[in-house]
Amino acid sequence: MLPLTNRSKVVVKKEMSLYEKIYLPAVISGMIITMSHFFRKKPTIQYPEQKREFSGIYRGQHVLKRDENGAERCTSCGLCAVACPAEAITMTSAERKKGEEKLYREEKYAATYEINMLRCIFCGDCEEACPKEAIFLTDRMVIPEYNRKSFIYRKDILVEGIENDKRIDVTRRQTPAVIEFKKHKEFDHNRL
Ligand code: SF4
Ligand code: SF4
């Protein structure tokens, strides 16, 4: 029969030599390889007690940021939802009332804000689209759950805490190139 490609090889069954027939050298060389691995530094870690350091640009669980006075930065403009390729973000808007200036930075705010973490592909497009530096992806992992409803993250999970020790540091994501770009107020994207 003609071969379909030229990659086929004819396998010749060789007679085993005496050295191969006693098997002991093969067993010993196998043991040497096993022992050499046994004393090596283990690449595994005891997660979750031990955690590896993530890259500065790792894209994990989102945070909705507050400004330096503790007011929510999000103005519910919807640009993140439009940019999201997975259609994972939904929100409803509300108008800020008198006396709520300390809670919400601008006149409009997100009364509800949801991200479906089962849809999210952690692309970071929402972060790039946001003109208010309100949403960032962080180096926090999305916690595994047993039911689908638990993966709908609402404001109670997404908005960072108001106290200083509950703030989420996103400076590692604000690279010099990003900071430089955001200085240019001539771009509509950067106007507050
Ligand atoms: S990271 Fe990407 S997929 Fe996830 S919510 Fe943001 S834009 Fe959507
Ligand atoms: S783009 Fe930013 S300000 Fe606009 S709704 Fe999304 S998080 Fe809020």
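In which element of the protein is confidence lowest, and in which is it highest?

**Figure 1. Confidence across the predicted model.** The structure shown is a predicted model. Helix α6, residues 176-182, has the lowest confidence in the protein, with a mean of 76. Confidence is highest in strand β5, at 98. For the protein, the mean pLDDT is 90, and 96% of the residues reach 70 or more.

**Figure 2. The open three-stranded sheet.** Three strands form an open sheet in the order β2-β3-β5, and their pairing is antiparallel. Strands β2 (89-95) and β5 (152-153) stand at the edges with a single partner strand each, so one side of each has no neighbour in the sheet. Strands of a sheet pair through backbone hydrogen bonds, in either a parallel or an antiparallel manner. Seven bridges connect β2 with β3, which comprises residues 108-116. The link between β3 and β5 consists of two bridges, and these strands too run antiparallel.

**Figure 3. Residue pairs across the sheet.** Ala 94, a residue of strand β2, has Tyr 109 of β3 as its bridge partner. Although Ala 94 and Tyr 109 are 15 residues apart in sequence, their C-alpha atoms are 5.6 Å apart in space. Ala 94 is partly exposed, because 13 other C-beta atoms lie within 10 Å. On the pairing with β5, Asn 116 has Ile 152 as its bridge partner.

**Figure 4. The surroundings of ligand 2.** Ligand 2 is surrounded by 13 residues. Cys 74, Cys 77, Cys 80, Cys 130 and Ile 135 are the closest of these. The shell around ligand 2 is made up of nine nonpolar, three polar and one charged residues.

**Figure 5. The largest nonpolar core.** Which residues have the most contacts inside the largest nonpolar core? The core has 20 residues, and those with the most contacts inside it are Leu 64, Cys 74, Cys 80, Ile 89, Cys 126, Cys 130 and Ile 135. Two or more residues of this core come from each of β1, α3 (79-83), β3 and β4 (135-137). Strand β3 gives the most, with four residues.

**Figure 6. Helix α2.** Helix α2 has 15 residues and reaches 21 Å from its first C-alpha to its last, close to the 21 Å expected at 1.5 Å a residue. An α-helix has 3.6 residues a turn, so residues three or four places apart point the same way.

**Figure 7. Backbone features in the loops.** Tyr 23 lies in the loop between α1 (18-21) and α2, and has a positive phi of about 65° although it is not a glycine. Tyr 23 is exposed, because 10 other C-beta atoms lie within 10 Å and the limit for an exposed residue is 12 or fewer. A positive phi, of about 55°, is also found at Phe 122, which is not a glycine either. Phe 122 belongs to the loop between β3 and α4 (125-129), and counts as partly exposed with 16 C-beta neighbours inside 10 Å. The peptide bond from Tyr 47 to Pro 48 is cis, with omega near 5°. Pro 48 is located in the loop between α2 (24-38) and β1 (62-64).

**Figure 8. Glu 106 and Phe 54.** Glu 106 is placed in the loop between β2 and β3. With 17 C-beta neighbours inside 10 Å, Glu 106 counts as partly exposed. Glu 106 and Phe 54 are 52 residues apart in sequence, and their C-alpha atoms are 34 Å apart in space.

Key:
Residues numbered from 1 in each chain as written. Chains lettered and ligands numbered in written order. Predicted model: local features only at pLDDT ≥ 70, side-chain atom pairs only at ≥ 80, totals over all residues. Pairing = 2+ DSSP bridges. Near = placed C-beta within 6 Å. Nonpolar A, V, L, I, M, F, W, Y, C, P; charged D, E, K, R; others polar. pLDDT = per-residue confidence, 0-100. Expected span 1.5 Å × (residues − 1). Core = buried A, V, L, I, M, F, W, Y, C linked by C-beta atoms within 7 Å.
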